[in-house]
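Subject: Structure handover and notes

Dear colleague,

I am passing on the structure we talked about, together with notes on what was found in it. Please open it alongside this message and read the notes with the model in view.

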Amino acid sequence: MSADEFEGLPGAAVSLLKGGVGKSTIALNIADRLAARGHETVLLDLDKDGHMTTQLGYDDAYDRDANLGDTLIDGEDPEDLLIETDFGVHLLPSSNELENVETRLKDERFADVKLRRNVVDPLIQNGYDYVIIDAAGGRGKLSDNALIAVQRVIIPLIPRAGSINGLNKMIERQISPIRQNIGLDILAVTPNMIRETMGQRNEHRTLVENLNREFGSFVPEYARVDPEVFDALDDSGRTIDSIPKPGIRERTAISRAFKQGMPVSEFDEDCDQIPNFDHLADLVEEHSHA
């Protein structure tokens, strides 16, 4: 593979090589914001556990015979698998066969581009505008396929010990090798599930501060804080006008909406975090057509 042979197809993968960081919630809400703008948007659940698929209420699709593996490896038409949700997003569901698909991919030629060639590219060719991928939680062929298919990634981090270390490992082991061969844009590294303001030293502030100091160019605007602000917070002799509240905040509306199988805009159209998802959708739009 070479960078000259590939250009990212319209869309993005939401990915981190671990679970429990809100990938599915963010992917769902980005897809929702794109669909709200009139774009035909496919939300592709590539998680072997099918968390997104089942949470949205499509347990039968997760267990059905025709599945993503038939398309990904055997070249069946991906459009046949799409489900029309009630909120305007087309869901391409996960399958209980993806564990076997991961194993089969290890023996396939050009295994890392199967998702691109057999799933995402045909969907775009058939008139869909964007594909948002909820990537698998661990490193493997499916996870690599997600990044290579669209060549854009949004990485959520939550305020837990080891978050920045996990990001560094993902960049070193997965993102850098792909970027060297075919190119891969990091659209955003977004703090997620942020509860506290930055006024106190705790794991929430530590995550946001370290991201801004070490990865400032990847931090989306809603989470960006000048490091001088953190310095001022620690200096009793200085004052600042207001204490920032960056990142995607933890909101009951977001978690309740996901538990009820819908984006937050369907549950509470006034949720103050919707503009943050809109900003991530802006990044997908801008970089898909740069």
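Phenylalanine 110 lies in the loop between helix 5 (98–105) and helix 6, where helices (H or I, at least four residues) and strands (E, at least two) are DSSP runs numbered from the N terminus. Before going further, please note that this is a predicted model, in which local features need pLDDT of at least 70 and side-chain atom pairs count only at pLDDT 80 or more, while totals for chains, interfaces and linings use all residues. Residues are numbered from 1 along each chain as its sequence is written, and side-chain values use heavy atoms, with hydrogens and water left out.

Most residues other than glycine have a negative phi. Phenylalanine 110, although not a glycine, has a positive phi of about 50 degrees, and with a relative accessible area of 53% it is exposed (buried means under 20% relative accessible area, exposed over 50%, and partly exposed in between, with a 1.4 Å probe and protein chains only). Methionine 193 also has a positive phi, near 60 degrees; this residue is in strand 7 and, at 28% relative accessibility, counts as partly exposed.

**The sheet and its enclosed strand**

The model contains an open sheet of 8 strands in the order 3-4-2-5-1-6-7-8, with mixed pairing (two strands pair if DSSP finds at least two bridges between them). The edge strands, each pairing on one side only, are strand 3 (83–84) and strand 8.

Why can strand 6 be described as largely enclosed by the rest of the structure? The description holds because 6 of the 6 residues of strand 6 are buried. In a regular strand the side chains alternate between the two faces of the sheet. In strand 6, Arg152, Ile154 and Pro156 are buried on one side, and Val153, Ile155 and Leu157 are buried on the other, so that both faces are covered.

Strand 6 (residues 152–157) pairs with strand 1 (residues 11–14) in the parallel sense over 2 bridges: valine 14 has isoleucine 154 as its bridge partner, and alanine 13 stands opposite valine 153.

**Helices**

Helix 6 (residues 114–125) lies across strand 2 (41–45), strand 4 (90–92) and strand 5 (130–134), and runs at about 140 degrees to strand 5 (axes are lines fitted to C-alpha atoms, for helices over the stretch in contact, and angles run from 0 to 180 degrees between N-to-C directions).

The axes of helix 8 (residues 163–181) and helix 9 (residues 203–214) come within 10 Å and cross at roughly 35 degrees. Ser163, Ile164 and Leu167 in helix 8 meet Leu207, Asn210, Leu211 and Glu214 in helix 9, contact meaning heavy atoms within 4.5 Å. By class, this contact of helix 8 with helix 9 has 4 nonpolar, 2 polar and 1 charged residues (Ala, Val, Leu, Ile, Met, Phe, Trp, Tyr, Cys and Pro count as nonpolar, Asp, Glu, Lys and Arg as charged, and the others, Gly among them, as polar).

Isoleucine 148 is in helix 7 (residues 141–150) and is buried, with a relative accessible area of 3%. Leaving aside residues up to four places away in sequence, isoleucine 148 touches Asp112, Val113, Arg116, Ile178 and Ile182.

**Pockets**

The largest pocket holds about 430 Å³ of space. On a 1 Å grid over the protein atoms alone, a pocket is an open set of points where a 1.4 Å probe fits, with protein on both sides within 12 Å along at least five of seven lines, and lining residues have an atom within 4 Å of a point; grid points are joined across faces, edges and corners, and a volume is the space filled by probe spheres set on the points. Of the 23 residues lining the largest pocket, Val21, Gly22, Thr25, Met193 and Phe258 are the closest to its centre. Helix 11 gives the most to this lining, with 4 residues, and the lining as a whole divides into 6 nonpolar, 10 polar and 7 charged residues.

The second largest pocket has a volume of about 160 Å³, and its lining includes Glu7, Arg152, Asp185 and His287.

With best wishes
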